[in-house]
Amino acid sequence: MSLLVALVVVLLMVGTGFGRIPSDTFVIAVNTGIFITLDPAVAFEVVPNVVVDALYGKLVRLASVDGILTPTPDLTTHWDISDCGMVYTFYLRQGIKFSDGKPFSAKDVMYSIERFLTIGRQTSWQLEGLGINKDNFSETVVMIDDYTVSFTFDQPIAPNIILGTMASVSHIVNSETVKSYDRDGDWGEWWLTDHSAGAGPYTLARWERNNMVILERNPHFHGSQPHMRRIIFRDVPEASNQRLLLERGDADVAWQLTAQLHEDAIKHPDVYEVILPGHANEYLSMNASWGPLQNPKVRLAIKYAINYEEIIDDLMLGYALNVQGFVPQGYFGYISENPFAPDYEKTKALLREAGYPDGFEVELLTSTTDTRKMEAEKIQADLAKAGIQANIVVLQAGQMYTIMRAQSHQLLIGGWGNDYPDADNLATSFANYRAGQLAWRCAWDDSFAADLVEAARIEQDPDRRYSMYEELTYYWHDNGPFAMLYQTVNFFAVRKEVKGFEEAADGYHFIFDFTKIRK
Amino acid sequence: MKSFEKTQTLKPYLDDLKHTLYLWRKSHLTMVGSVIIGLFLLVAIFAPLIAPYSPIEQDLSKRLIGPGSQHFFGTDHLGRDIFSRVIHGSRTALWIIFLVSVISTAIGTIVGVVSGFFGGVIDEILMRITDMFLAFPSLVLAMFIAAMLGPNLTNAIIAISLVGWTVYARLVRAEAIKIKSMPYIEAIRSVGASRLRIIVLHVLPMCVSPILVQMTLRMGTIILTAASLGFLGLGAQPPAPEWGVLVSDGRGYLMNQWWISTFPGIAIAFVVLGFNLLGDGVRDMLDPRLRR
Amino acid sequence: MNFVSFILRRIILMIIVLVGVGCIVFVVSRVIPADPVGAILGGNAPVEVVDRMRAQLGYDRPIAVQFIDFIQGAIRLDFGVSLRTNRPVMTDIMEYFPVTMELAIVAIFISILTGVVLGVLSAVYRNRWIDQFSRIFSIFGVSMPVFWTGLMLILVFYGILGWLPGAGQYDWMIELDNPLTSITGMRLLDSLLQGNWHAFWDAFRHIILPAIVLGLTATAIIARITRASMLDVLKQDYIRTAKAKGLKKRIVILRHALRNSLIPTVTVIGLTFGSLLEGAVLTETVFSRQGLGRYITNGLLGLDYPAVTGGTLYIALIYCLANLIVDIVYAILDPRMRS
């Protein structure tokens, strides 16, 4: 009996011998539980988009040029912008083949865009906001010849905005292949959910839900063949597990570590860190239609109650940027002044003026990640010093945003991932209630701010545009319903065998270029 | 009654009590259980006096310190003293046990009495409803109810109560049926005793000891279910020091800061252990066959 | 005749109960104020998009209409399409349920093996060290929270010792080199059927820790019950008769005592099956296994109506079936119990 036990134990240990990653394979430990689909017209979450970008080529790609995200041609050679600023003509590259060998041409572009608009899911609003939708598609998107397509937008919006949006909506699918899988007019959605038909550097070899995603090199890729033959996304929902895998050499990078886990992980001799500025932020939002929060003085008091530095230094361990305006660092229109720091004399005075000398009770919503829960507890403690009693409720992110969309939250900690690298995206969301985004969800129906956002969107003179964002930022600080907690910093813990990760991740979450990774 | 008669009437009860105490002391494991639970109650009642720090006060300069003389169980990611949090968590646990026991016993007893006493169609319907609640593994049902009502401590208590009443219902129903058909009941009915009087004076007293046994046995399960809900995020919300939440807090820090999850887990195990031992002992003590 | 009518009655009751369960599940899940559609659309989507999606999915129709739809679907085992995986819920269930079953079966197997052995040894060598150890183990086994035990074991066996994998069901590298086609959905079984020894061993290494954790409570209970019933049986007259006849002690134990103490053990196994199903929920979360428990948990937390209602109903169905089978087996083993 004891012999049997000993034998089993020995065999179990032997099993651990193999398992080191081959040098042509790149393994990522990440939570794939949120992957719903890999259809480029439907996928919208950050990590699925990383996969989608590796599978599909686009008309416009964002590339980091001297640290600035710039729209560059991908499946195109160049584009022309008309004098009126509303017509964009894209000239397609010739000789490109899809992953199954079929040739790429304008008809694929037409099919892909129409498909994107007709399926009309989570991200189609980005294109619709520029004036192109499935009803006017035949007039606004025109195939001039086999390798030329023109788009007509409804306003002379700044090119950075248009091209930045195109970079996230113009994934081109292999129209012939996808058409053959069309089922009851669903545009092949059931098939593209877990198969790929694109011209990107990789193809989707396999996706086992909640287990792994396997990408393999696309033999017909028009650029040079990437070093990594295979990319594996391993589903590891627990961040502490991601770290264990990384340290044991079972993963090349841990994608979603908390600041603390990251600090612990990089102490390991085989692990190094990659830090890059992020294109997302974290905010505390206040529902301007609820109770005491209706009064801008109360909102201002809350902004003066929070200890931003402690959140950044102690909770995020320095892996965050103190940016209190809505325009992030690195974007045109960024204002570096941060007016808020904890001042409890001021909060008392403001609350007294507003008629709440003894403070008040309020509900603070947040989502289930470790970081958010920590932030909630910290902010609760900070608010308590100002006499405000916040009661925390933790919900799944989707649930939380649902409540926010119904305008029925009170205080809420959330985050915004930028949709395109332009101040307009942030301004529209955080200050223009007419766009139905964050400002609207907080019921901040402020016409002055909304007008300013819309004017800046089409302003062609850069100096005038800058002063508009400056004015808007100050106004927003005084009256707006948001306390911007920080701008995110992307930090990754990577195994030393991996080279080129920093170049690959530059511009995350907009882009992640797997072709730059090698071992 | 003269005093002699009084003592004579009281004597059987006193003897019984003495015998019960004797049985209690005799079983080692039951004593251990009682000691653990006694300790638990003391800690819960005197928590603010025992805990050296506040359970929710943060001190970011003292984050993630290991167990030591300043902080017996170490500190967590927000600099809170874990020992104090565990101590205060015992209050939450006690509160949960108390409320859930009362509510589920109440529901179960009412259902059981009505079902057993009145019988017929009412009995069938109520028993089918009981079956419906028993058709799920209890954690799944509790999760379902807690998720639907909204994650917070109150709803978790409601959810656990709604899952646990069936045991009492069946118990009380069995007793009610047994007593209903006894001859002396028919006798007093014929003299005009109302149903209510019979239920209160004759049925319920017979249920007391099996109910007590069940309650004690179930207390461990209640804590485990509450901790599971807290662990999954469906129960008490931060910064409440509920033990399940404390274990979940430490998940992201398991490797290097193992103390955050370990100590609350040990607390849960100990208290559940205590209730199990005590419950076994209570059952043995009150079981008529074993009292000789 | 008696037997058949007993079974029929139980089945009819089971159906009534399941219908009731379906109603409860549907009503409760629709009564809540939160909205599942917004839950799947992510933070950035504006309100019109959410409204459009809601209409697309049919959640803006009156409750009565939705209920009728639900009932009609449930009868055909069609629970709709999961909001998170975009596949029919039944497809999801068919994929995830075998994983949970596999874990439960391996856990029960380990529990029975360990529990019966411990219980028998305990009873035979009463009050010696093995008995004390087993009793203490039993008591602790039912007390420790499953999720905590799981975390601790991962910490020790993966984090510190590195002997066993920490999460998941299989190693992708082994899977790529030794691909496994899914027949039953249970990796251990499928790999045996296909003679794929690498895959089998890999799957085994991944399942052993969660199975032990999951089965801990059951092991403790089975050990206790076995011990108690063995003690009871050992005292009885016919055992003394057998011993007096000079039969070897081991044969006496194995043949007579063990067989008779199986009846209460079988009941307990049936009862613990339920606790295994709910333990699976926590174990799957801690060990990142893609089973039905995890599916329902994620569905609950993410407000995936169809997945939750479908999954919960399915679990209720399995649970009822399991209880039914236990009752039948019990009735076969002991005819006196059928009244």
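Predicted model: local features only at pLDDT ≥ 70, side-chain atom pairs only at ≥ 80, totals over all residues.
Residues are numbered from 1 along each chain as its sequence is written, and chains are lettered from A and ligands numbered from 1 in the order in which they are written. Local features need pLDDT of at least 70, side-chain atom pairs count only at pLDDT 80 or more, and totals for chains, interfaces and linings use all residues, while side-chain values use heavy atoms, with hydrogens and water left out.

**Exercise 1.** Describe the contact between chain B and chain A.

Solution. 
- Step 1, residues. Contact means heavy atoms within 4.5 Å. Chain B brings 18 residues to the contact and chain A brings 22 residues.
- Step 2, area. Buried area is the accessible area (1.4 Å probe) that two parts lose on being put together, summed over both. For chain B and chain A this area is about 1800 Å², and carbon and sulfur atoms give 51% of it. Leu60(B), Arg63(B) and Pro238(B) supply 26% of the area that chain B buries against chain A, more than any other three residues.
- Step 3, charges. A salt bridge is a side-chain nitrogen of Lys or Arg within 4 Å of a carboxyl oxygen of Asp or Glu. Chain B and chain A have one salt bridge between them. Glu377(A) and Arg80(B) form a salt bridge through their side chains, at 2.6 Å from N to O.
- Step 4, residue classes. Ala, Val, Leu, Ile, Met, Phe, Trp, Tyr, Cys and Pro count as nonpolar, Asp, Glu, Lys and Arg as charged, and the others, Gly among them, as polar. On the side of chain B that touches chain A there are eight nonpolar, seven polar and three charged residues.

**Exercise 2.** Describe the contact between chain A and chain C in the same terms.

Solution. 
- Step 1, residues. Here 57 residues of chain A touch 48 residues of chain C.
- Step 2, area. The two chains bury about 4500 Å² between them, with 56% of it on carbon and sulfur atoms.
- Step 3, charges. The count of salt bridges between chain A and chain C is zero.
- Step 4, elements and classes. Helices (H or I, at least four residues) and strands (E, at least two) are DSSP runs, numbered from the N terminus. Helix 15 (residues 397-405) of chain A gives the most to the side that touches chain C, with five residues. That side of chain A divides into 23 nonpolar, 18 polar and 16 charged residues.

**Exercise 3.** Find out how strand 14 of chain A is placed and paired.

Solution. 
- Step 1, burial. Buried means under 20% relative accessible area, exposed over 50%, partly exposed in between (1.4 Å probe, protein chains only). In strand 14 (residues 361-367) of chain A, five of the seven residues are buried, so the strand is largely enclosed by the rest of the structure.
- Step 2, pairing. Two strands pair if DSSP finds at least two bridges between them. Strand 14 of chain A runs parallel to strand 15 (residues 389-395) of chain A, and seven bridges join them.
- Opposite Glu361(A) stands Gln389(A) in strand 15 of chain A.

**Exercise 4.** Describe the hairpin of strand 8 and strand 9 of chain A.

Solution. 
- Step 1, pairing. Strand 8 (residues 202-208) and strand 9 (residues 212-217) of chain A are antiparallel, with six bridges.
- Tyr202(A) stands opposite Arg217(A).
- Step 3, the turn. Three residues lie between the strands, and Asn210(A) takes a positive phi near 60°.

**Exercise 5.** Is helix 13 of chain C mostly covered or uncovered?

Solution. 
- Step 1, count. Helix 13 (residues 292-301) of chain C is mostly covered, with nine of its 10 residues buried.
- Step 2, residues. Among the buried ones are Arg294(C), Tyr295(C) and Ile296(C).
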